[in-house]
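Here is a short report on one protein model. Keep the sequence and the 3D view open while reading.

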Amino acid sequence: FPGGLLPSVTAIGDSLSRTRLRIVQREDFGAHYAETLRIWREQFGAHAAEVDRLGFDEVFRRMWTFYLSYSEAGFRAGYIDVSQLTLARI
């Protein structure tokens, strides 16, 4: 989310190299997350009137639509990903 940090798997592995932990399994699911973001974006747009009633303006809605679209595109393109890592102590 805005202001969040997306460390790379390489950076995580580098940090772990100073420990006894290693990545032994990795499951990437960015493509699935892209689909989730698409659904969130569509649902957010479909409920614009409710968002307005909560006191949020068009600038807010456009910002979130842009953010959800940008993130979806990043996951679809493989520029960003989300992974589940299994670590083991060696």
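**Ground rules**

The model is predicted, so local features need pLDDT of at least 70, side-chain atom pairs count only at pLDDT 80 or more, and totals for chains, interfaces and linings use all residues. Residues are numbered from 1 along each chain as its sequence is written, and side-chain values use heavy atoms, with hydrogens and water left out.

**Helix α2**

Helices and strands are DSSP runs, numbered from the N terminus (helices: H or I, at least four residues; strands: E, at least two). Helix α2 covers residues 30-46. Its 17 residues reach 24 Å from first C-alpha to last, close to the 24 Å expected at 1.5 Å a residue. The expected span is 1.5 Å times one less than the number of residues.

Which residues of α2 are buried? They are G30, A34, L37 and F44. Seen down the axis of α2, the buried residues fall within an arc of 90°, so they line one face of the helix. That arc is taken from the directions between the helix axis and the C-beta atoms. Buried means under 20% relative accessible area, exposed means over 50%, and partly exposed lies in between (1.4 Å probe, protein chains only).

The face of α2 turned away from its buried side carries A31, H32 and A46, which are exposed. The buried residues of α2 pack against β1 (21-28), α3 (48-53) and α4 (58-77). Contact here means heavy atoms within 4.5 Å.

**Helix α4**

Helix α4 has 20 residues, which should span 28 Å at 1.5 Å a residue. Its end C-alpha atoms are 28 Å apart, which agrees. Buried in α4 are R61, Y67, L68, S71, E72, G74 and F75. Viewed down the axis of α4, these buried residues fall within an arc of 165°, so they line one face of the helix. On the other side of α4, V59, R62, F66, Y70 and A77 are exposed. The cover over the buried residues of α4 includes α2 and α3.

**The largest pocket**

How much space lies in the largest pocket? It holds about 570 Å³. Of the 24 residues that line the pocket, L5, L6, F75, I80 and D81 are the closest to its centre. Elements giving two or more residues to the lining are α1 (9-16), α2, α4 and β2 (83-89). The largest share, five residues, comes from α4. By type, the lining divides into 16 nonpolar, six polar and two charged residues.

A pocket is an open set of points on a 1 Å grid over the protein atoms alone where a 1.4 Å probe fits, with protein on both sides within 12 Å along at least five of seven lines; lining residues have an atom within 4 Å of a point. Grid points are joined across faces, edges and corners, and the volume is the space filled by probe spheres set on them. Ala, Val, Leu, Ile, Met, Phe, Trp, Tyr, Cys and Pro count as nonpolar, Asp, Glu, Lys and Arg as charged, and the others, Gly among them, as polar.

The table gives the relative accessible area of each residue.

| Residue | Relative accessible area |
|---|---|
| S71 | 6%, buried |
| E27 | 47%, partly exposed |
| S69 | 30%, partly exposed |
| L85 | 26%, partly exposed |

The contacts below do not count residues up to four places away in sequence.

S71 is found in helix α4. S71 touches L37 and I80. S69 also belongs to helix α4. S69 and L37 are 32 residues apart in sequence, and their C-alpha atoms are 7.5 Å apart in space.

E27 sits in strand β1. E27 touches V82, S83 and Q84. L5 and E27 are 22 residues apart along the chain, with 19 Å between their C-alpha atoms.

L85 lies in strand β2. Which residues does L85 touch? They are V9, I12, I23, Q25 and R26. L85 and R26 are 59 residues apart along the chain, and their C-alpha atoms are separated by 4.7 Å.
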